[in-house]
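These are my notes from an afternoon with one structure. I wrote down each thing I looked up, in the order I looked.

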Amino acid sequence: MSDHGCAHFAAFVKEYGLESFSVVHAYFSACINKEARRRKALSCLCYKCGGSGPQLYSCLHCIYFGCKGAHINDHCKQTKHYIVLELCYGMIYCYQCKDFTYDSECQAIAEKHIRKEAKSLNKSLSWRPWSPSKLEIDLLLKNPKRRHVTAFTSIGLRGLLNLGSTCFMNCIVQALIHTPLLRDYFLSERHECTTKTAAKCLVCEVSRLFQEFYSGARGPLSLHRLLHLIWNHARHLAGYEQQDAHEFFIATLDVLHRHCKISMNEIAAASADKSKQQQFQQPDNPTHCNCIIDQIFTGGLQSDVVCQACNGVSTTIDPFWDISLDLGEAQNQGYGGPPKSLIDCLERFTRAEHLGSSAKIKCSSCKSYQESTKQLSMRTLPIVASFHLKRFEHSSLIDKKISTFISFPSELDMTPFMSKKKSEQQSPGTSSGSASSSKSKSSDRKHAAGSSGTSGTGGSEDDHNRSHHDTSDFRYSLYAVINHVGTLDAGHYTAYVRHQKDIWVKCDDHIITTATLKQVLDSEGYLLFYHKKILEYE
């Protein structure tokens, strides 16, 4: 069928135009404003039975409302008005073709009305399938050859050359390349950059790498340009000596985050679009950033400090990009023995800790220094939850690697570690405190190693988060694991990544081999990457 519907609808448009469709859709299907909703409530009733549904149709010739079935059918037969609009989904129906019909101009009008409705109700747009623009349609027509992605395709898999102890970088890049939302962002060419900064922009280089990975070529890639850019922007990583993969991961996210903000601000300034500048900068809310890195990787860690004298609670919320988990024996509260699983690590991470007399904190209620307990929990979780198992122990006496096997699941439920769940487990006498949010510009405050701050007010934010937690799903699925084999002084990094559903591969620099889920779960594990199973659209 063409972009302008069937022949009967084309004849209708030629005679009557699209005004009737636009009016009926705006007022009785999309309801673009308060007046439209009032009119629909009062007059959008079946003219035969007076019912309001469940599925009403409107005649586009004479604005007659009728229930699906006999009522609207009788009207069409008697008047020979054959073009009607289904009001629930806003679809055009032709009674001569006995089928729904499509028209590109009507679709554009409907999309405009739907956006107006969302703005009027202050709600988010519901998910809609991708629809190609005219430019994209022209490109598809000019390039008829397609790359079909099958169950066992190698598209998206490329080995990476070791440039001299750069296995740590290769593993992080493999994990980022196989992060679904990051892949979708770059393959849809969402990143924009000015020619002034493109040569030095790490985001542009990552975008180029995604194109290389999904080009269909199979030869290994060299990351010398990426490595050079990282050296320029994270000087502590410069040089060909072996680096820590976790440190490189945090530094890479930090540089990507900064470059995303720079490019977005420059694009907004170049287009003189003040609304875009406010969207990206938001001076009234410096903690908020809408870049793709923060959208995917940033979560909120809540710290509750409870005064032992008055039970007053001081709450702070800090952003994090990953969660670092201790593997050594617990030294307090009688919890001895090292953890044996990721769940054990998370339970210990979110367990209340008595700070003791040597670490008294000034209580805002008592106005004096008191002993207290501190408990960490997850206020908000990112789309990608990254866990760092602290296998490298550095002390004044000895540096060593902890090679203890830590089991981790392929499916992870983070509900028990959420702030709401933890607050329900508190004693009835414990009072709740206020919340504040602070976001650091430096990368070392991004990962959760025990953050702290000052308390403030945030009742409305508490209410919003509480209702959000009631409907959120905190289940995650494992999609990448980075391992370190060898000793602290002489080791090598490899990565397991989920290429497609139930298909895993092992990435060892330039060598890519298939792997099983059992091999993945039996590996030692240094960095674990989990992706949220159900996404909430905002």
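Which residues make the nonpolar surface patch of about 320 Å²? I found that Tyr89, Met91 and Phe100 make this patch. I also note that the model is a predicted one.

I looked up methionine 91 next. I located methionine 91 in strand β4, which covers residues 91-94.

I read off five strands in an open sheet, in the order β2-β1-β3-β4-β5, with antiparallel pairing. The edges are taken by β2 and β5 (99-101). Each of these two has a single partner strand, so one side of each has no neighbour in the sheet. On average, neighbouring strands of this sheet are turned by 40° against each other, with direction ignored.

I found three bridges between β1 and β2, and the two strands run antiparallel. In this pairing, tyrosine 57 stands opposite glycine 66 of β2.

**Entry: aromatic pairs**

How many aromatic pairs does a search of the whole structure find? I noted 17. One pair I looked up is tyrosine 47 with tyrosine 64, which is edge-to-face, with 5.0 Å from centre to centre and 75° between the planes. This pair links distant parts of the chain, 17 residues apart. I placed tyrosine 47 in the loop between α3 (34-43) and β1 (56-59), and tyrosine 64 in the loop between β1 and β2 (65-67).

Another pair I looked up is phenylalanine 168 with phenylalanine 248. Their ring centres are 5.3 Å apart and their planes are at 80°, so I filed this pair as edge-to-face too. Phenylalanine 168 belongs to helix α7 (residues 167-177) and phenylalanine 248 to helix α11 (residues 245-270), so the pair ties together parts 80 residues apart in sequence. Buried or exposed? Phenylalanine 168 is buried, at 2% relative accessibility, and phenylalanine 248 is buried at 2% as well.

I also wrote down one aromatic cluster. Phe28, Tyr47, Tyr64 and Phe65 form it.

**Entry: strand β17**

Why is strand β17 largely enclosed by the rest of the structure? I counted through residues 475-486 and found nine of the twelve buried, so the rest of the structure largely encloses this strand.

I then listed strands that pair with β17.

- β16 (residues 411-413) is joined to β17 by three bridges, and the two run antiparallel. Aspartate 413 stands opposite arginine 475 of β17.
- β21 (residues 527-532) is joined to β17 by six bridges, again antiparallel. Valine 481 stands opposite leucine 528 of β21.
- β18 (residues 491-500) is joined to β17 by seven bridges, also antiparallel. Histidine 484 has tyrosine 493 of β18 as its bridge partner.

A hairpin of four residues joins β17 to β18.

Key. Residues numbered from 1 in each chain as written. Predicted model: local features only at pLDDT ≥ 70, side-chain atom pairs only at ≥ 80, totals over all residues. Heavy atoms only, no water. Buried < 20%, exposed > 50% of the residue type's maximum accessible area, 1.4 Å probe, protein only. Pairing = 2+ DSSP bridges. Phe/Tyr/Trp six-rings, centres within 6.5 Å; stacked < 30°, edge-to-face > 60°. Patch = residues over 30% accessible without salt bridge, like charges linked within 9 Å, V, L, I, M, F, W, Y side chains within 5 Å. Areas by Shrake-Rupley, 256 points an atom, 1.4 Å probe, with all protein chains shown as cover. Salt bridge = Lys/Arg side-chain N within 4 Å of Asp/Glu carboxyl O. Axes fitted to C-alpha atoms, helices over the stretch in contact; angles between N-to-C directions.
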